[in-house]
Structure formats: structure tokens, C-alpha cells
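Morning, everyone. Please have a look at the sequence and the structure first. Then I'll walk you through some rings and the ligand.

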Amino acid sequence: MTDAIDPVDQPTPRRKPKELITTIGGRPMKPSTLMMGYGYDPVLSEGSLKPPIFLTSTFAFENAAAGKRHFEGITGKRAGGAEGLVYSRFNAPNQEILEDRLAIWDGAEEALSFSSGMTAIAILMLAACKAGDVIVHSGPLYAASEGFVAKIMAKYGVTYVDFPAGATPEQLDEVMRKAKAQAEAQGGEVPLIYLESPGNPTNALVDVEAVKTARDAHFDPDRCPIAIDNTFLGPLWQRPLDQGADLVVYSLTKYVGGHSDLVAGSVSGKKRFIDAIRALRNTMGGIADPNTAWMLLRSLETVELRMERAGQNAERVCAFLSQHPKVEGLGYLGMIKDPRQQDIYNRHCTGAGSTFSVFIKGGEAECFRFLDALKVAKLAVSLGGTETLASHPASMTHLSVPDERKAALGITDNLVRISIGIEDPDDLIADFDQALAKV
Ligand code: PLP
């Protein structure tokens with residue numbers, strides 16, 4: 001017998017099953033196909049092929065019972081989440097379509113969008129931790145992420161234990177032991193392992209599989225998720241959920257947005273962890289705005305094409321730079337020298353990406369001369385856009401990192417970070433050649 005439910009209690013489903021079809025001819029469709037339509041039915045929007053931008057702060061309920069039901073879902077009084085749209089701080093159509101499509105790339109159960117990568121990271125950490133807790137994290141991290149753990153979380157009584165990206169299984173075992181002891185001494189737990197791989201700006205890789213083994217040996221996996229910032233290689237060249245991570249973080253500002261014209265972030269992964277992050281986002285705000293979500297839908301249609309082309313360009317450029325007499329070395333994942341790093345790369349990555357570091361012979365002065373001479377590449381921080389960018393991390397993005405930590409992480413004065421775009425590769429090589437001649 002089925003429960004009789006008063007029809008007025010049931011909200012009209014906004015999504016028809018047709019929009020959520022993921023297979024064709026009995027096999028799963030590829031993400032590049034799904035980016036053109038998944039999660040959106042033109043019939044619901046006057047036949048508009050592309051989703052309109054829904055500029056509204058709130059949504060009219062069909063009736064009071066539906067409003068009550070939606071709030072039960074939003075507040076967690078009823079399991080299963082919200083069935084309908086309520087208020088744009090919680091969610092809205094452009095963001096929902098975006099989140100459905102983001103989840104596809106990482107093979108995630110669910111995804112959440114944010115107003116920036118840092119908002120995503122901050123809300124993730126705040127949702128996971130309470131006073132006395134310890135965050136375990138890899139190093140290097142993007143400087144603001146590292147600062148958020150060390151300075152902001154510290155204000156709320158949360159401490160950290162960090163480890164170098166390439167740590168071995170034995171070292172990871174020791175790190176987990178240390179974190180557990182530190183948490184016990186502080187009366188807390190280890191509620192989050194936070195990774196960035198490849199690390200910004202050195203491209204050092206973390207062995208996610210080994211981190212999972214160490215986490216499982218020391219902590220309850222249901223209470224200690226592994227989150228990883230996949231901004232440098234995702235979503236195309238690395239799918240960390242396949243290696244045992246529980247949550248994947250992005251600065252969508254980079255490759256996913258891909259045109260250097262928006263700022264946004266996301267967290268995707270297992271529903272049980274996503275629910276807690278969503279609850280805090282509902283309270284605090286920080287969701288991507290509808291315009292940005294719409295632009296990201298446009299970007300997702302070409303993310304594979306853009307990343308493939310940028311990756312091919314980077315391979316050509318790095319082949320040139322590696323032979324140049326004024327270049328001391330490269331931090332490029334297509335030319336790894338360390339066997340352990342190569343082993344991690346082989347197990348975790350399907351492409352070397354297009355962001356790398358070049359070590360110029362000399363120091364800051366030589367790097368500045370090189371940067372000032374570039375004509376095609378732009379002198380700007382950020383990465384993953386259609387255009388090639390170059391910057392000097394030690395004096396720019398990582399200026400706030402203390403000198404000893406910079407030295408320990410390999411962020412030297414002669415390091416230039418380059419993000420290769422989708423220009424003609426010969427033009428890029430000619431540009432780097434003439435700029436190196438000025439050094
Ligand atoms: N993670 C990485 C690896 C980054 O490089 C950045 C920004 O450069 C961020 C996170 C922060 O992202 P956003 O600038 O979108 O807040």
C-alpha cells in the first residue's frame with residue numbers, strides 16, 4: 001500500500017527525468033556531451049536553448065504546504081534536502097544546473113558552487129572543525145589557503161600538522177600519529193585532511209592513495225574526510241575521488257572558468273560531507289551568483305577543448321624552455337625527474353597540465369627582466385585562462401609566506417610561474433625566446 005499524500009503537499013518537480021539522462025545507446029555519455037544539456041529542459045523556460053539568468057532573490061511557493069515542505073528540507077528536519085527553490089542564498093536554477101554539471105566531471109555525488117575558490121575552502125574548513133581540532137594538510141598550499149589554516153582557523157582554536165607534498169607512506173603514518181596526539185592533547189579530533197596536488201606553485205604531487213591508507217589506519221573515514229584542491233589539473237587530468245579523496249575543491253576562476261573573466265569556486269564529493277558544507281553555506285551565504293553560474297555553464301561547454309589545447313601548447317613550450325641556456329630547470333609535470341613524483345603522476349594523472357614553473361638562471365632581477373620583456377604572455381597572477389600568464393610567486397602570490405617556509409617549499413627568487421593558454425604555440429615560443437634574450 002502506498003501512502004496517500006494530498007496532491008497539494010507535493011511540489012511540482014522542476015526537473016523532469018528526461019533532463020537527467022546520462023546514457024545513450026546503453027552506455028554512459030561523456031562529460032563533454034553532458035555539458036551541452038544536462039540538468040536543463042528548455043521547455044521549462046519558453047524554449048530558450050540556453051538557460052536564462054534567473055535574477056531573483058526569492059521564489060514563489062505554489063502553496064503554503066509546499067513552502068513548509070521546502071523549509072523542512074532546507075533546515076534538515078526532513079532528510080533528502082530541498083525539493084524546490086526557496087531563496088537565492090540557498091540555491092537557484094543557474095547554480096543548480098552548474099552544480100549538477102560540475103559533479104559529473106569528478107564522478108561526485110553532489111557539488112556546491114561558491115563565490116570564489118577561497119569561499120569554498122573557508123566554508124569547507126569552518127564546516128569541518130570545532131575548537132581543539134587539528135587539520136592535517138599538505139604543503140605547499142595556495143598562500144591564502146595556508147594562511148586561512150594557520151591564522152584564521154587558529155583564532156577558533158584549530159591547529160594544524162603539515163607535511164611535504166611528496167611524503168612517503170611511512171612519513172604519512174608518522175604525520176597522522178602526530179596529528180592524533182596533538183588533537184588528543186587539545187581535546188579535539190582530526191576532522192579534515194586537506195591536500196593540494198599539484199601544489200601551487202611548485203607542482204609537487206601528493207600521493208592521495210597513500211594518504212587514504214594512512215587516514216584509514218588512524219581515523220574513522222566517516223569523520224575525517226580527505227579534501228583536495230584540484231585546481232591545477234582538474235577536471236580533465238586528475239579525478240582524485242577515484243584515488244580515495246572524499247571531496248574535491250576548485251577555484252573555478254582558473255581552468256573551469258577559463259577566460260579570466262570571473263571568480264568562483266566549488267566543492268564536490270560524497271553527499272554526507274557535502275550536506276554539512278551546504279548547511280553552513282545556507283547560513284553564511286557565499287554561493288556563486290546567477291550571472292557567474294551562467295558564465296560557468298558556457299565555460300564548461302569548452303573546458304575539455306581548452307585544456308587539451310593548452311596542454312599541447314605547454315608540452316611544446318616546455319620542450320623549448322628545457323633546452324634554453326638561460327633556464328636552470330622546469331617544474332613541469334611532463335618532465336618529472338624524481339622517481340617518487342613520477343610514480344604518483346603515473347597513478348593519479350592523465351595529463352601534465354599547462355601551469356608550470358621555470359627556474360631562470362639568476363634571481364629576482366633576472367626574472368623581472370624576463371617578465372617585463374614578454375609581449376604575448378601577460379604579466380598577471382592567476383592561471384588556466386585562454387591567454388598565457390606569467391608571474392613571480394616569491395614576490396607576488398606567495399609574498400606573505402615567511403622566507404624559511406618559502407625556502408623549504410622550493411619557492412625560490414628565480415622561479416617564474418607560467419600558465420600556458422590556447423594561443424599559437426610558435427608565437428608563444430617566439431615570445432619566450434625574445435624575453436629570455438633580455439635576461
Ligand atoms: N586554490 C588554488 C590552487 C589557487 O591557485 C587559488 C587562486 O589562485 C585558489 C585556490 C583560490 O581561488 P580564488 O581566487 O577563486 O578564490
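Start with Trp 237. Trp 237 is buried, at 8% relative accessible area. Buried means under 20%, exposed over 50%, and partly exposed in between, with a 1.4 Å probe and protein chains only. Tyr 255 is buried too, at 3%.

A word on the source. This is a predicted model, where local features need pLDDT of at least 70, side-chain atom pairs need 80 or more, and totals for chains, interfaces and linings use all residues. Residues are numbered from 1 along each chain as its sequence is written, and side-chain values use heavy atoms, without hydrogens and water.

Now, aromatic pairs. The whole structure has five. Rings of Phe, Tyr and Trp (its six-membered ring) pair if their centres lie within 6.5 Å; planes under 30 degrees apart are stacked, over 60 edge-to-face, the rest tilted. How are the rings of Trp 237 and Tyr 255 arranged? Their planes stand at 80 degrees and their centres are 6.3 Å apart, so this pair is edge-to-face.

Next, Phe 370 and Phe 432. Here the planes are at 25 degrees and the centres 6.1 Å apart, so the pair is stacked. Phe 370 is buried at 1%. Phe 432 is buried at 0%.

Last, the ligand. A nitrogen atom of the ligand is 2.6 Å from an N or O atom in the Asp 229 side chain. An oxygen atom of the ligand is 3.0 Å from an N or O atom in the side chain of Asn 200. Thr 253 has a polar side-chain atom 2.6 Å from a ligand oxygen. Taken alone, the ligand exposes 390 Å², and the protein buries 91% of that (Shrake-Rupley method, 1.4 Å probe).

Technical notes:
Polar contact = N/O pair within 3.5 Å; in protein donor to acceptor, adjacent residues only side chain to side chain.
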